[in-house]
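Have a look at the sequence and the 3D view before reading on.

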Amino acid sequence: MREKTFHVYVGSHDRSLLLQSLVELKNLLIQQGRYTDCVDELIFKVINAPVKKLKIS
């Protein structure tokens, strides 16, 4: 079965807030001595996501 993909459209403010939250989560996991691989992947995907301009009416 195929894996579901989701597309999230966020503005520049929401994108920076999302990145800040992911970095805080990563720091918390490091303090607890847990793995941060999945959070690292999400941070990488958010940073490298293409910018798409949408027209909102």
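## Starting at L28

Helices here are DSSP runs of H or I with at least four residues, strands are E runs of at least two, and both are numbered from the N terminus. L28 is partly exposed, with a relative accessible area of 41%. On this scale, buried means under 20% relative accessible area, exposed means over 50%, and partly exposed is in between (1.4 Å probe, protein chains only). From the C-alpha atom of L28 to that of A49 the separation is 24 Å, and the two residues are 21 apart along the chain.

A word on the model: it is predicted, so local features need pLDDT of at least 70 and side-chain atom pairs count only at pLDDT 80 or more, while totals for chains, interfaces and linings use all residues. Residues are numbered from 1 along each chain as its sequence is written, and side-chain values use heavy atoms, with hydrogens and water left out.

## The overall build

The protein has two helices and zero strands. Its C-alpha trace spans about 45 × 35 × 15 Å along the principal axes. Of the 57 residues in the protein, 11% are buried.

D40 sits in helix α2 and K26 in helix α1, so the pair ties together parts that are 14 residues apart in sequence.

Both partners are partly exposed: D40 has a relative accessible area of 28%, and K26 has 26%.

## The largest pocket

A pocket is an open set of points on a 1 Å grid over the protein atoms alone, where a 1.4 Å probe fits and protein lies on both sides within 12 Å along at least five of seven lines; lining residues have an atom within 4 Å of a point. The largest pocket has 21 lining residues, and V8, Y9, V10, A49 and P50 lie nearest its centre.

Helices α1 (12-32) and α2 (37-47) each supply at least two residues of this lining. The biggest share comes from α1, with four residues.
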